[in-house]
Amino acid sequence: MHVAILGAGSWGSALALVLSENKKISLTILHHDNYYDNHDTFKYFDTISVPKNVIVTSNKNHIKNCAIYFIVQPTKYIYESLNWINHNTISKKPLIVNCSKGFDNKYEKTFYQLVCKDFKNFKNLYCVLSGPTHAEEVVKKLPSAIVVASNNDNNSKIIQNLFSTKYFRIYTNSDIIGVEVGAACKNIISIAAGICIGLGYGDNTIAALISRGLNEMKLLGLYFGAKEHTFYGLSGIGDLSVTAYGKHSRNRSFGILLGKGYNKDEALKEINMYVEGIKATMIVNKILDKYEINMPIVSQVYSILFDNKNPKIAINQLMDRKLKHEMNK
């Protein structure tokens, strides 16, 4: 079985290392970086050699005949990749596995909604892989768990069996929308958590923020048609926890810099990596305005990022809102 990973960033590299242990497949990584022309190590893990059974290429002709495509790219490139696969693959029914976390930039939809709209032939071939997994820990083979969601249980099991090792455990789920919404929104809440840390607030603040942030994620998910229980699983509270508390989270690190007084551009320059939560904040805020959904944490993060609102004022305003029942919308 020929498998392709589109994207050679840190997460794509980590997934490649896990997959390289499956000797029943041939694996090709598609990259857009001339680093690999002169190096035999991974760019983001330069002490780890690319396994000999993994091919790294920039030539898309090498991945036309793949049974499975893992898309591990910034969300702004996913539509382009889906379109390329749709028009160029010679495989009859390739599985498409989205491993990126965010919304489509143009249509402001989850990628499964986008597939249902523009790539209907992929509807029953589409999966999403998500959960609380820092690439930096996966490459060290530290025990990790993740979830694959599909509307076809057989497809989920194929991905589950393809990946699962003694240190990388995969669960299955049928709620694609819920997994995608959780994956995208947790980045926004992670930025907010980082801001609180940068401001010098304590564990009480972060715990409250994560709890209320999960409630906001669930609210948006239910609007999109997700199942509530999904948000209490790996792609919901699991991914939110590791992103908000984890030292490897770029969204959290970005938020910490904002809390310390950096502006958005200064913080991005310091991080020097793509921060998905910024675009997710913009898209979710548009959805909130359009459909009058109340997500106050998201709204305050938007004001900090795009209206230059003082982070301390924004966080304090969350505390000054009208008192309410915990479980009311």
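How much accessible surface does the protein chain have, and what percentage of it belongs to carbon and sulfur atoms? The accessible surface comes to about 15300 Å² (Shrake-Rupley method, 1.4 Å probe), and 49% of this belongs to carbon and sulfur atoms. The model is predicted, so that local features need pLDDT of at least 70 and side-chain atom pairs count only at pLDDT 80 or more, while totals for chains, interfaces and linings use all residues. Residues are numbered from 1 along each chain as its sequence is written, and side-chain values use heavy atoms, with hydrogens and water left out.

**Overall fold**

- The protein chain holds 13 helices and eight strands, which are DSSP runs numbered from the N terminus (helices H or I, at least four residues; strands E, at least two).
- Its radius of gyration, taken over C-alpha atoms, is 19 Å, close to the 20 Å from the globule rule (2.2 Å times the number of residues to the power 0.38) for 329 residues, so the chain is as compact as a globular protein of that length.
- Of the 329 residues, 54% are buried, meaning under 20% relative accessible area with a 1.4 Å probe and protein chains only.

**Around Asp40**

- Asp40 lies in the loop between strand S2 (26-30) and strand S3 (54-57), and counts as exposed (over 50%) because its relative accessibility is 55%.
- Apart from neighbours within four places in sequence, Asp40 is in contact (heavy atoms within 4.5 Å) with Ser49 and Val50.
- The C-alpha atoms of Asp40 and Lys52 are 9.5 Å apart, with the two residues twelve apart along the chain.
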